[in-house]
Every structure is written in structure tokens, then in C-alpha cells.
Amino acid sequence: MTSLLERTVALALYLQGIGSGAKVNSSGEAAVLSKLGSQKDLCIFDVGANTGQFLTLARKALRDRKFHVHSFEPSRAAFEQLRENARDCSNVSLNHFGLGAEAGEFDLFSDAPGSQLASLTRRNLDHLGIAMQMTEKVRDRKSVV
């Protein structure tokens, strides 16, 4: 019974786009870009940019518009790949830190270096066969909203 409940919850979260940010085409991010209409001079914050999946999507979707993306990624391995993926992007600012409610140094938990699943919360993903046992010290800066 527990297994069925866990699968149902996982499916419900997936269908809501929760926790699926690594899959930009199914997370709702593509839908947001399509709703921008004819707005010009866009300033976009990609917080938790990982290796640039959303950046690639935005560059494709907004290719005929003026826009600037501020990408934030605290993971060292993911940031290095993000830097490589954005090397020819003059309209991107890369930031090797996270944004959050508090500034400081935090543990980033993941299953592998540069993982799309990395989080400041040690999530229990055992039901998916994923062990979030790697940690990396990362910097966050306080976001002002």
C-alpha cells in the first residue's frame, strides 16, 4: 500500500511540475516563455541554472527579442558546465552562487557532481532509487524581493 501511495504522490508532484525543473520542456518554464507575448527588453533571473537548460530554451524561444538572463548556480561542477554552455552568450550574466532567504554558506546535497537534482534540502529519494549522499559547501546570497 505504501508503495502505491508513494508512486501516486510522485506522479501528482510530477504532473504539477514540482521538482521537475531539470526538464525544462515539462516543468512549465517553456509555457512561461510562450506567455510573454511581444514584451521586449526582458530581464530574466534563472535561479538554480544548473548547466544552462533553461538558458538554452530561452535563447531559442526569445531569439527575435532583446533579453538578458542572470543565471545563478552554486554547484561548482554545474557552474563550470554552465560557463562552457554560455561562452558565446553576450546577453547572459553568470553568478556562481545561489539566491535564497538567507546569505551564508550551506550544504548542497546531490546524487552526483553537477546533478540536476541538487538541493539545499537533503531529500529522501530512496523510492526512486536515488541516494542524495554527496555534499558540497556552496554560497548563497540573500535575495531582495
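**View 1. Cysteines without a disulfide.** A disulfide is a pair of cysteine sulfur atoms within 2.5 Å. In this predicted model, the count by that rule comes to zero disulfides. Is C43 buried or exposed? C43 counts as exposed, because its relative accessibility is 53% and the cut-off for exposed is over 50%. C89 has a relative accessibility of 9%. C89 therefore counts as buried, as buried means under 20%.

**View 2. The whole chain.** The protein chain holds four helices and six strands. Along the sequence, their pattern reads α-α-β-α-β-α-β-β-β-β. The chain has 145 residues, and 32% of them are buried. Its accessible surface is about 9,500 Å². Carbon and sulfur atoms account for 53% of that surface. Now take the contacts between residues at least 6 apart in sequence: 58% of these join residues at least 24 apart.

View 3. Helix α3 spans residues 53-61. Which residues of α3 are buried? They are Q53, F54, L55, L57 and A58. An α-helix has 3.6 residues a turn, so residues three or four places apart point the same way.

View 4. Strands β2 and β3 pair in the parallel sense. Four bridges join them. Between the two strands the chain passes through α4. This β-α-β crossover is right-handed.

**View 5. The open sheet of β4, β6 and β5.** Three strands make up an open sheet, in the order β4-β6-β5. The pairing in this sheet is mixed. Which strands lie at the edges? They are β4 (98-100) and β5 (104-110), and each pairs on one side only. Neighbouring strands of the sheet are turned by 50° against each other on average, direction ignored.

**View 6. Strands β5 and β6.** Strands of a sheet pair through backbone hydrogen bonds, either parallel or antiparallel. How do β5 and β6 run, parallel or antiparallel? They run antiparallel, with seven bridges between them. Strand β6 covers residues 134-142. F109 has its bridge partner in β6, namely T135.

Note on methods: Residues are numbered from 1 along each chain as its sequence is written. This is a predicted model: local features need pLDDT of at least 70, side-chain atom pairs count only at pLDDT 80 or more; totals for chains, interfaces and linings use all residues. Side-chain values use heavy atoms; hydrogens and water are left out. Buried means under 20% relative accessible area, exposed over 50%, partly exposed in between (1.4 Å probe, protein chains only). Contact means heavy atoms within 4.5 Å. Accessible areas come from the Shrake-Rupley method with a 1.4 Å probe; for residues, only the protein chains shown count as cover. Two strands pair if DSSP finds at least two bridges between them. Axes are lines fitted to C-alpha atoms, for helices over the stretch in contact, and angles run from 0 to 180 degrees between N-to-C directions. A crossover is right-handed if, with the strands pointing away from the viewer, the path from the first strand over the helix to the second runs clockwise.
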